[in-house]
Amino acid sequence: MSNRQTINTRGAPQAIGTYSQAVKAGTTVYISGQIPLVPETMEVQDGDFKDLTRRCFTNLKAIAEAAGGTLEDAAKVNIFLTDLSNFAAVNEVMAEFFEQPYPARAAIGVKELPKGVPVEVDAVLELK
C-alpha cells in the first residue's frame, strides 16, 4: 500500500501536462513548478516581473495549504529564471512569503520556460 497522495486544489492552476500539482509522500510534499498563471483563467498574470513572481508564490502557497501545510514548511525552493538579472527582485518578493529561517534555495538560469514566462518556482515541504 502506497503512502503517496496526489494534491489538487482549484486555488492554483491545474496541471497543463502529465503531472500533478503536488504529491505528498509521508510528511514530504513535492510541489510541481508553478508559472505565473491565474488559476481562474489559466492565463499569464498581468504586470511586471515582481507581479509574475508573486503569482508563482501565491500558487505555491495554495498548494501547500491544500496539502495541509504552509510555505513555512518549505525545506527547499527552486527558482528558474530566463534572466538572472531578476535575482534581486526574486529576493524582494520571496521575503513577502517567507521569514527566517529561510528554506534552502537554488536560482537557476534557463533559456526558456512554458508559455514564454520569465520565472517558475517549485518547492519541497516537510510537514510538521
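Helices (H or I, at least four residues) and strands (E, at least two) are DSSP runs, numbered from the N terminus. This is a predicted model, in which local features need pLDDT of at least 70 and side-chain atom pairs count only at pLDDT 80 or more, while totals for chains, interfaces and linings use all residues. Residues are numbered from 1 along each chain as its sequence is written, and side-chain values use heavy atoms, leaving out hydrogens and water.

**Stop 1: helix α1**

Select residues 49–66, which make up helix α1. This helix has 18 residues and spans 26 Å from its first C-alpha to its last, close to the 26 Å expected at 1.5 Å a residue (the expected span is 1.5 Å times one less than the number of residues).

Just after α1, select Gly68, which has a positive phi of about 95°.

Next, colour the buried residues of α1, among them Phe49, Leu52, Cys56, Phe57, Leu60 and Ile63. Buried means under 20% relative accessible area, exposed over 50%, and partly exposed in between (1.4 Å probe, protein chains only). An α-helix has 3.6 residues a turn, so residues three or four places apart point the same way.

**Stop 2: the aromatic rings**

How many aromatic pairs does a search of the whole structure find? It finds two. Rings of Phe, Tyr and Trp (its six-membered ring) pair if their centres lie within 6.5 Å; planes under 30 degrees apart count as stacked, over 60 as edge-to-face and the rest as tilted.

Select Phe57 and Phe97: their ring centres are 5.5 Å apart and their planes at 25°, so this pair is stacked. Phe57 is in helix α1 and Phe97 in helix α2 (residues 87–97), 40 residues apart.

Then select Phe98. The rings of Phe57 and Phe98 have centres 5.9 Å apart and planes at 80°, so this pair is edge-to-face. Phe98 sits in the loop between α2 and β7 (104–109), 41 residues from Phe57.

Show Phe57, Phe97 and Phe98 together, as they form one aromatic cluster. Phe57 counts as buried at 0% relative accessibility, Phe97 is also buried, and Phe98 counts as buried at 4%.

**Stop 3: Asn78**

Select Asn78 in strand β6 (residues 74–81). Is Asn78 buried or exposed? Asn78 is buried, with a relative accessible area of 17%. Leaving aside neighbours within four places in sequence, Asn78 is in contact (heavy atoms within 4.5 Å) with Ala106, Ile108, Glu120, Val121 and Asp122.
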